[in-house]
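Hi everyone, thanks for making time. Please have the sequence and the model open while I talk.

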Amino acid sequence: MWVACLHEGNVHQHRDGIREVIDYVLSTKNCYAFACGDIGDAILHTDKRWERKGQKETSILQQYNSITDLFMPIKNRMLGAISGNHDWKLNGFGDCVEGVFCSRLEIPYGTVACKLIVSDPKGKLQYKAFIHHPFTGQINSNHPDPLMREAAETSQAKRKLCDQRMGDCVLNISAHFHKGRIAKPFQDLYLVDDGKAIKQKYHREANPQAEYIPEDLRWYATLPGFVKKHLMGLSGYVERSGYKPVELGAIRSFTVAGKITHMDKKLV
Ligand SMILES: [Fe+2]
């Protein structure tokens with residue numbers, strides 16, 4: 001389960017949704033989670049995006065501790081965490097993702113971009129994942145047809161992750177966009193001859209342990225987040241900026257015998 005953009009401290013956070021994902025991880029056999037940045041909202045009181053009303057915990061340390069408390073029941077199901085641009089804003093004062101979230105959950109800290117190397121119980125490589133929280137950019141389309149918007153945004157998401165050039169990662173994950181988009185491997189056809197006639201062939205699925213996996217044979221996903229647009233009586237920065245409301249939730253990847261078989265969205 002790929003979880004991102006929790007934005008603890010933002011009063012528009014969908015806390016029940018985070019709880020639902022945590023409960024799902026806890027109650028599902030062989031289910032593990034990775035936190036992919038923007039764990040805290042980390043917006044200072046002097047920032048124009050600050051939302052005064054509805055704030056209960058204004059201490060940054062309190063916020064990182066309270067989101068850590070929420071994840072404590074699944075600490076043994078957590079594979080790691082990275083920082084996002086929101087967390088990083090306060091990095092000059094100390095790293096709360098590393099020093100509070102990862103330290104208290106006793107999980108690896110992957111800075112802002114990392115690789116997760118998945119091995120079988122005997123230590124043999126199964127596959128590698130690249131996990132990233134870019135600080136800038138967006139994936140967006142204003143095409144009038146939702147099918148075209150979805151396709152354009154998925155293609156943009158894939159391109160951004162391709163450009164990271166992680167040649168040996170069959171799975172590539174990016175947070176930050178608050179949009180769940182999944183690009184499956186695409187097994188295109190090609191033509192060859194056998195000396196007598198032209199034959200049509202199809203790309204086989206990737207060997208996930210290969211040193212180089214062709215771009216079109218990898219899996220890619222960008223992640224939704226947990227920030228709602230409207231709350232009665234409040235106007236958070238999502239509302240004030242006029243950003244589109246977005247799907248809330250996480251992305252699941254399913255693995256059987258070291259092979260990714262399926263990915264989907266778990267919306268909350
Ligand atoms: Fe972000």
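Two notes before we start. This is a predicted model, so please keep in mind that local features need pLDDT of at least 70 and side-chain atom pairs count only at pLDDT 80 or more, while totals for chains, interfaces and linings use all residues. Residues are numbered from 1 along each chain as its sequence is written.

When I say helix or strand, I mean DSSP runs, H or I of at least four residues for helices and E of at least two for strands, numbered from the N terminus.

Let's begin with H1, residues 15–27. Its 13 residues should span 18 Å at 1.5 Å a residue, and the end C-alpha atoms are 18 Å apart, which agrees. The expected span, by the way, is 1.5 Å times one less than the number of residues.

Which residues of H1 are buried? They are Gly17, Ile18, Val21 and Val25. They sit on the same side of H1, because they cover an arc of only 105° around the axis. Buried here means 20 or more other C-beta atoms within 10 Å of the residue's own, exposed means 12 or fewer, and partly exposed is in between, with C-beta atoms placed from the backbone. The arc is that of the directions from the helix axis to the C-beta atoms.

On the face of H1 turned away from the buried side you'll find Asp16, Asp23 and Ser27, which are exposed. The buried residues of H1 pack against S1, S2, H2, S11 and S12. Contact means that the two C-beta atoms, placed from the backbone, lie within 7 Å.

Now H2, residues 60–71. This helix has 12 residues and reaches 17 Å from its first C-alpha to its last, close to the 16 Å expected. The buried residues in H2 are Ile60, Gln63, Tyr64, Ile67, Thr68 and Phe71. Their arc around the axis is only 130°, which puts them on the same side of H2. They pack against H1, strand S3 (78–82) and helix H4 (96–105).

Let's stay with that last partner. In H4, Cys96, Val97, Val100, Phe101 and Cys102 are buried. Looking down the axis of H4, these fall within an arc of 160°, so they line one face of the helix. Their cover includes H2, S3 and helix H3 (85–88).

How do H2 and H4 cross? Their axes come within 9 Å and cross at roughly 30°. Axes here are lines fitted to C-alpha atoms, for helices over the stretch in contact, and angles run from 0 to 180 degrees between N-to-C directions. H2 and H4 are therefore roughly parallel to each other, a label for angles under 35 degrees. The crossing is right-handed, meaning that the near helix is turned clockwise from the far one by less than a right angle. On the H2 side, Ile60, Tyr64, Asn65, Ile67, Thr68 and Phe71 meet Cys96, Val100, Phe101, Arg104 and Leu105 in H4. Just after H4, glutamate 106 takes a positive phi of about 55°.

On to the loops. Glycine 37 is in the loop between S2 and H2. Is glycine 37 buried or exposed? It counts as buried, because it has 32 C-beta neighbours inside 10 Å. Leaving out residues up to four places away in sequence, glycine 37 touches Ala4, Ile82, Ser83, Gly84, Asp87, Val112, His133 and Ala175. Glutamine 55, in the loop between S2 and H2, is partly exposed, with 13 other C-beta atoms within 10 Å.

The loop between S6 and S7 holds histidine 176, which is buried with 25 other C-beta atoms within 10 Å. Beyond its neighbours within four places in sequence, histidine 176 is in contact with Gly84, Asn85, His133 and Pro134. Histidine 178, in the loop between S6 and S7, has a positive phi of about 55° although it is not a glycine. Histidine 178 is buried, with 24 other C-beta atoms within 10 Å.

Finally, arginine 165 lies in the loop between H5 and S6. Arginine 165 has a positive phi of about 60° although it is not a glycine, and with 9 C-beta neighbours inside 10 Å it counts as exposed.

Definitions and conventions: Angles under 35 degrees count as roughly parallel, over 145 as roughly antiparallel, 65 to 115 as roughly perpendicular and the rest as oblique.
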